[in-house]
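Subject: Structure for you to look at

Hello,

Here is the structure I promised to pass on. Please open it first, then read the notes below.

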Amino acid sequence: MKLWKVIGLAAFAGVAASGALVARNQRRRAAYTPDQVRERLHERLAEASRSE
C-alpha cells in the first residue's frame with residue numbers, strides 16, 4: 001500500500017509541475033502586444049523562406 005501512495009504523490013507532483021510550466025508559458029505569450037506577435041511571425045516566415 002505504501003508503494004501506491006508514493007506513486008500517487010509522484011504523479012500529483014508531476015501534474016502540478018506541468019501546470020506551473022503551462023501557466024508560465026501562457027503568461028509569457030500573453031505579454032506580447034499584437035504588433036510584437038505580427039513582427040515575430042514575419043521574422044519566422046522570412047527565416048523559413050530562407051532555409052528552403
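Start with Ala16, which is partly exposed, its relative accessible area being 42%. It is a predicted model, so please read every value here as computed from the prediction. Ala16 belongs to helix α1, which covers residues 2-30. From Ala16 to Arg29 is 13 residues in sequence. In space, their C-alpha atoms are 20 Å apart.

Now the overall form. The protein chain has two helices and zero strands. Its radius of gyration is 20 Å, whereas the globule rule gives 10 Å for 52 residues, so the chain is more spread out than a compact globule. Along the principal axes, the C-alpha atoms fill a box of roughly 55 × 30 × 5 Å.

Next, the surface. How much of the chain counts as buried? The figure is 0% of the 52 residues. The protein chain exposes about 5,100 Å². Carbon and sulfur atoms supply 64% of that area.

There is also a nonpolar patch on the surface. Met1, Leu3, Trp4 and Ile7 form it. Together they have about 540 Å² of accessible area. Ile7 lies in helix α1. Its relative accessible area is 42%, so Ile7 falls in the partly exposed class, between the 20% and 50% cut-offs.

Then the charges. The protein chain carries 10 positive and 5 negative charges. Side chains of opposite charge can pair when their charged atoms come close. How many salt bridges does the count give? The count comes to one. Arg38 and Asp35 make this salt bridge through their side chains, with 2.7 Å from N to O. That distance is within the 4 Å cut-off, so the pair qualifies.

Where do the two partners sit? Both are in helix α2, which covers residues 34-51. Arg38 and Asp35 are three residues apart, about one turn of the helix. Are they buried or exposed? Arg38 is partly exposed, at 45% relative accessible area. Asp35 has 53% relative accessibility, and it counts as exposed because the cut-off is over 50%.

For the nonpolar patch, go to Met1, Leu3, Trp4 and Ile7.

Best wishes

Technical notes:
Residues numbered from 1 in each chain as written. Predicted model: local features only at pLDDT ≥ 70, side-chain atom pairs only at ≥ 80, totals over all residues. Heavy atoms only, no water. Helix = DSSP H or I, 4+ residues; strand = E, 2+ residues; numbered from the N terminus. Buried < 20%, exposed > 50% of the residue type's maximum accessible area, 1.4 Å probe, protein only. Patch = residues over 30% accessible without salt bridge, like charges linked within 9 Å, V, L, I, M, F, W, Y side chains within 5 Å. Areas by Shrake-Rupley, 256 points an atom, 1.4 Å probe, with all protein chains shown as cover. Rg over C-alpha atoms; globule rule 2.2 N^0.38 Å. Lys, Arg positive; Asp, Glu negative; His and termini not counted. Charge placed at Lys NZ, Arg CZ, Asp CG, Glu CD.
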